[in-house]
Amino acid sequence: MNVLGVAVAAFVGGIIASVLGWLDSAEPFATRKFAASAARALVAGVVFAVGYAYSNGVTAMDIGVAFLGGAGVDAIGNRISGAIKAGLK
(Lines give C-alpha, C1' and ligand atoms only; values in the text may rest on other atoms or scores of the structure.)
Protein backbone atom coordinates (compact mmCIF):
# COMPACT_ATOMS: atom_id res chain seq x y z
CA MET A 1 0.00 0.00 0.00
CA ASN A 2 1.28 3.41 -0.84
CA VAL A 3 0.42 7.07 -0.65
CA LEU A 4 -1.87 6.82 -3.68
CA GLY A 5 -3.95 4.24 -1.82
CA VAL A 6 -4.35 6.65 1.08
CA ALA A 7 -5.42 9.44 -1.28
CA VAL A 8 -7.95 7.21 -3.01
CA ALA A 9 -9.34 5.99 0.31
CA ALA A 10 -9.86 9.57 1.53
CA PHE A 11 -11.51 10.54 -1.77
CA VAL A 12 -13.81 7.50 -1.76
CA GLY A 13 -14.71 8.16 1.88
CA GLY A 14 -15.81 11.67 0.99
CA ILE A 15 -17.82 10.50 -2.02
CA ILE A 16 -19.56 7.76 -0.02
CA ALA A 17 -20.44 10.24 2.74
CA SER A 18 -21.88 12.54 0.08
CA VAL A 19 -23.98 9.80 -1.52
CA LEU A 20 -25.24 8.56 1.84
CA GLY A 21 -26.20 12.13 2.80
CA TRP A 22 -28.11 12.52 -0.44
CA LEU A 23 -29.93 9.19 0.05
CA ASP A 24 -30.86 10.22 3.59
CA SER A 25 -32.24 13.60 2.48
CA ALA A 26 -34.83 12.18 0.04
CA GLU A 27 -34.23 15.23 -2.19
CA PRO A 28 -33.75 15.00 -5.95
CA PHE A 29 -30.13 14.69 -7.05
CA ALA A 30 -28.43 18.09 -7.33
CA THR A 31 -25.28 18.08 -9.44
CA ARG A 32 -24.10 21.37 -7.89
CA LYS A 33 -24.20 19.95 -4.37
CA PHE A 34 -22.49 16.74 -5.45
CA ALA A 35 -19.77 18.69 -7.25
CA ALA A 36 -19.02 20.61 -4.05
CA SER A 37 -18.76 17.34 -2.13
CA ALA A 38 -16.52 15.85 -4.82
CA ALA A 39 -14.25 18.90 -4.56
CA ARG A 40 -14.05 18.51 -0.77
CA ALA A 41 -13.28 14.79 -1.22
CA LEU A 42 -10.52 15.66 -3.67
CA VAL A 43 -9.01 18.13 -1.21
CA ALA A 44 -9.15 15.47 1.51
CA GLY A 45 -7.36 13.02 -0.78
CA VAL A 46 -4.61 15.52 -1.56
CA VAL A 47 -4.16 16.49 2.10
CA PHE A 48 -3.89 12.86 3.21
CA ALA A 49 -1.49 12.06 0.36
CA VAL A 50 0.77 14.95 1.32
CA GLY A 51 0.60 13.99 4.99
CA TYR A 52 1.45 10.36 4.36
CA ALA A 53 4.21 11.20 1.87
CA TYR A 54 6.41 11.93 4.88
CA SER A 55 5.58 8.74 6.77
CA ASN A 56 7.70 5.61 6.87
CA GLY A 57 4.99 3.39 5.48
CA VAL A 58 1.29 2.93 4.98
CA THR A 59 -0.66 0.19 6.72
CA ALA A 60 -4.25 -1.01 6.41
CA MET A 61 -5.08 1.07 9.48
CA ASP A 62 -3.83 4.18 7.68
CA ILE A 63 -6.15 3.42 4.76
CA GLY A 64 -9.09 3.13 7.17
CA VAL A 65 -8.21 6.39 8.88
CA ALA A 66 -7.94 8.14 5.52
CA PHE A 67 -11.36 6.78 4.50
CA LEU A 68 -12.97 8.06 7.69
CA GLY A 69 -11.07 11.34 7.39
CA GLY A 70 -12.39 11.87 3.88
CA ALA A 71 -15.92 11.24 5.10
CA GLY A 72 -15.37 13.65 7.97
CA VAL A 73 -14.05 16.39 5.69
CA ASP A 74 -17.21 16.12 3.58
CA ALA A 75 -19.52 16.09 6.60
CA ILE A 76 -17.85 19.07 8.27
CA GLY A 77 -17.62 20.99 4.99
CA ASN A 78 -21.32 20.39 4.39
CA ARG A 79 -22.21 21.67 7.86
CA ILE A 80 -20.06 24.77 7.42
CA SER A 81 -21.56 25.62 4.04
CA GLY A 82 -25.06 25.09 5.46
CA ALA A 83 -24.32 27.42 8.37
CA ILE A 84 -22.97 30.08 6.03
CA LYS A 85 -26.07 29.83 3.81
CA ALA A 86 -28.35 30.05 6.85
CA GLY A 87 -26.47 33.13 8.08
CA LEU A 88 -26.86 34.88 4.73
CA LYS A 89 -30.65 34.58 4.71
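Reader: Okay, which residues in H2 meet which ones in H3?
Author: Keep in mind that this is a predicted model. On the H2 side you have Arg32, Ser37, Arg40, Ala44, Phe48 and Tyr52. Their partners in H3 are Asp62, Val65, Ala66, Gly69, Gly70, Val73, Asp74, Gly77, Asn78, Ser81 and Lys85.

Reader: And what's that contact made of, by class?
Author: Six nonpolar, six polar and five charged residues.

Reader: What angle do H2 and H3 pack at?
Author: About 135 degrees, and their axes are 9 Å apart. H2 covers residues 31-53 and H3 covers residues 60-88. Angles over 145 would count as roughly antiparallel and 65 to 115 as roughly perpendicular, so this pair is oblique.

Reader: Is the crossing left-handed or right-handed?
Author: H2 and H3 cross in a right-handed way.

Reader: Back to H3. Which of its residues are buried?
Author: Asp62, Ala66, Gly69, Gly70, Ala71, Asp74 and Gly77.

Reader: What do they pack against?
Author: Helix H1, residues 3-25, and H2.

Reader: How far apart are the ends of H3?
Author: Its end C-alpha atoms are 42 Å apart. That agrees with what you'd expect, because 29 residues at 1.5 Å a residue should span 42 Å.

Reader: New topic: where does valine 19 lie?
Author: Valine 19 is in helix H1. With a relative accessible area of 32%, valine 19 is partly exposed.

Reader: And how far is valine 19 from phenylalanine 34 in space?
Author: 8.1 Å, C-alpha to C-alpha, while in sequence they are 15 residues apart.

Conventions. Residues are numbered from 1 along each chain as its sequence is written. This is a predicted model: local features need pLDDT of at least 70, side-chain atom pairs count only at pLDDT 80 or more; totals for chains, interfaces and linings use all residues. Side-chain values use heavy atoms; hydrogens and water are left out. Axes are lines fitted to C-alpha atoms, for helices over the stretch in contact, and angles run from 0 to 180 degrees between N-to-C directions. Helices (H or I, at least four residues) and strands (E, at least two) are DSSP runs, numbered from the N terminus. Angles under 35 degrees count as roughly parallel, over 145 as roughly antiparallel, 65 to 115 as roughly perpendicular and the rest as oblique. A crossing is left-handed if the near helix is turned anticlockwise from the far one by less than a right angle, and right-handed if clockwise. Contact means heavy atoms within 4.5 Å. Ala, Val, Leu, Ile, Met, Phe, Trp, Tyr, Cys and Pro count as nonpolar, Asp, Glu, Lys and Arg as charged, and the others, Gly among them, as polar. The expected span of a helix is 1.5 Å times one less than its number of residues. Buried means under 20% relative accessible area, exposed over 50%, partly exposed in between (1.4 Å probe, protein chains only).
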